[in-house]
Amino acid sequence: MASQDPQGHPNKIIQDYLPGSSDHPDQNKSIVPTSAWKQASPPHDLPPGLEYLNQLDQIIIHQQVELLEALLGTETSSKYEIKNHLGQRLYFAVEENGCFDRNFCSPLRSFTIRIADNAGREVITVNRPLRCNSCLFPCFLQELEVQSPPGTIAGYVVQNWDPLLPKFTIKNESKEDVLKIIGPYATCGCLGDVDFEVKPLNEISPIGKISKYWSGFVNDVFTNTANFGIQMPVDLDVKIKAVMIGACFLIDLMFFEHSLDEL
């Protein structure tokens, strides 16, 4: 489903989005890129709207606070701002799914997240089907598809079975393995940031990370609001950068989503 109707008007859900705060957490020193991670496509062949990502090695993802969710513990559709390291908004993202999925299947719920630029043009679509999240069912673990532009596959995020650590593989549009994501044994993040390291396929040394920033006890306990940071080589294929944004959404839903009735 495209972000515009046949007359060229922006998607209604994206059009109704209200931007939030431009505040962003402090950043650590960026990861130094290596020559192993080169942009696969020349700049003029980039998917439309991903030009913003071409020169970035850091991305901030700020989840918007929903008043109803904060007060009543009712799950609402997630909304995010995607910013550069200066806090300037590049994109905004809106989750699409049904009320039943949000309140009875969370955090396993299926969803479509539509990511639009500041002109309201949808540039990335993230699709997550309803799947398992348990080491007891290793054949039906999480898988997420990223499209850019919408309708064209950019890559996938696939959960790997492991009895102790959260592990994922980032794949390109041909389903070839590109990178690994390995999380910590404990993901609660009660008193600090939680880092999911991005590594090459040999899993030797990290070349980036996806971090859940600790936002304080009150925010972590009483709301679902979250701040994430993505660090990556600046010359990583821009389509894989888009897939890493999708991986961040999947990590948020799997490990950091909660509702007040669970406390």
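Trainee: Which residue in E4 is the bridge partner of valine 94?
Mentor: That's arginine 114. Keep in mind that we're looking at a predicted model here.

Trainee: How many bridges join those two strands, E3 and E4?
Mentor: Six bridges join strand E3, residues 89–96, to strand E4, residues 111–117. The two strands run antiparallel.

Trainee: What holds strands of a sheet together in general?
Mentor: Strands of a sheet pair through backbone hydrogen bonds, and the pairing can be parallel or antiparallel.

Trainee: Back to arginine 114. Which residue does it form a salt bridge with?
Mentor: Glutamate 96 is the partner, and the closest N and O atoms are 2.9 Å apart. This pair links distant parts of the chain, with arginine 114 in strand E4 and glutamate 96 in strand E3, 18 residues apart.

Trainee: Is arginine 114 buried or exposed?
Mentor: Arginine 114 is buried, because its relative accessible area is 6% and the cut-off for buried is under 20%. Glutamate 96 has 19% relative accessibility, so it counts as buried too.

Trainee: How many salt bridges does a search of the whole structure find?
Mentor: The search turns up 12. One of the others joins the side chains of glutamate 81 and lysine 83, at 3.5 Å from N to O. Glutamate 81 counts as buried because its relative accessibility is 2%, and lysine 83 counts as buried at 1%.

Trainee: Which residues are linked with Glu81 in a network of salt bridges?
Mentor: Lys83 and Arg89 are in that network with Glu81.

Trainee: What about arginine 121, which side chain does it meet in a salt bridge?
Mentor: Arginine 121 meets the side chain of aspartate 117, 3.0 Å from N to O. Arginine 121 is partly exposed, with a relative accessible area of 36%, whereas aspartate 117 counts as buried at 3%.

Trainee: Let's zoom out. How many helices and strands does the chain have?
Mentor: Five helices and 12 strands.

Trainee: How many residues does H5 give to the largest nonpolar core?
Mentor: That core has 50 residues, and Ile61, Ile115, Ile210 and Phe249 touch the most other members. Helix H5, residues 238–256, supplies 14 residues, the largest share of this core.

Trainee: You mentioned Phe249. What is phenylalanine 249 in contact with, leaving aside its neighbours within four places in sequence?
Mentor: Its contacts are Ile61, Tyr80, Ile82, Ala93, Ile113, Ile115 and Val126.

Trainee: New topic: E7. How many of its eight residues are buried?
Mentor: Six of them, so E7 is mostly covered. E7 pairs with E6 in the antiparallel sense over five bridges, and six bridges join E7 to E8, again antiparallel.

Trainee: Which residues stand opposite each other there?
Mentor: Glutamate 145 stands opposite tyrosine 156 in E7. On the E8 side, glycine 155 has asparagine 172 as its bridge partner.

Trainee: How many residues lie between E6 and E7 in their hairpin?
Mentor: Five, and glycine 151 in that turn has a positive phi of about 100°. E7 and E8 form a hairpin too, with six residues between them.

Trainee: Where is glutamine 142?
Mentor: Glutamine 142 is in the loop between strand E5 (122–128) and strand E6 (143–147). Its relative accessibility is 1%, so glutamine 142 counts as buried. Its side chain also makes a polar contact of 2.8 Å with the side chain of arginine 128.

Trainee: Last one: how much of the chain is buried?
Mentor: Buried residues make up 51% of the 263 residues. As for contacts between residues at least 6 apart in sequence, 50% of them join residues at least 24 apart.

How values were computed:
Residues are numbered from 1 along each chain as its sequence is written. This is a predicted model: local features need pLDDT of at least 70, side-chain atom pairs count only at pLDDT 80 or more; totals for chains, interfaces and linings use all residues. Side-chain values use heavy atoms; hydrogens and water are left out. Helices (H or I, at least four residues) and strands (E, at least two) are DSSP runs, numbered from the N terminus. Buried means under 20% relative accessible area, exposed over 50%, partly exposed in between (1.4 Å probe, protein chains only). A polar contact is a pair of N or O atoms within 3.5 Å; within protein, one must be able to donate a hydrogen and the other to accept it, and residues adjacent in sequence count only if both atoms are side-chain atoms. A nonpolar core is a set of buried Ala, Val, Leu, Ile, Met, Phe, Trp, Tyr and Cys residues joined through side-chain atoms within 4.5 Å. Contact means heavy atoms within 4.5 Å. Two strands pair if DSSP finds at least two bridges between them. A salt bridge is a side-chain nitrogen of Lys or Arg within 4 Å of a carboxyl oxygen of Asp or Glu.
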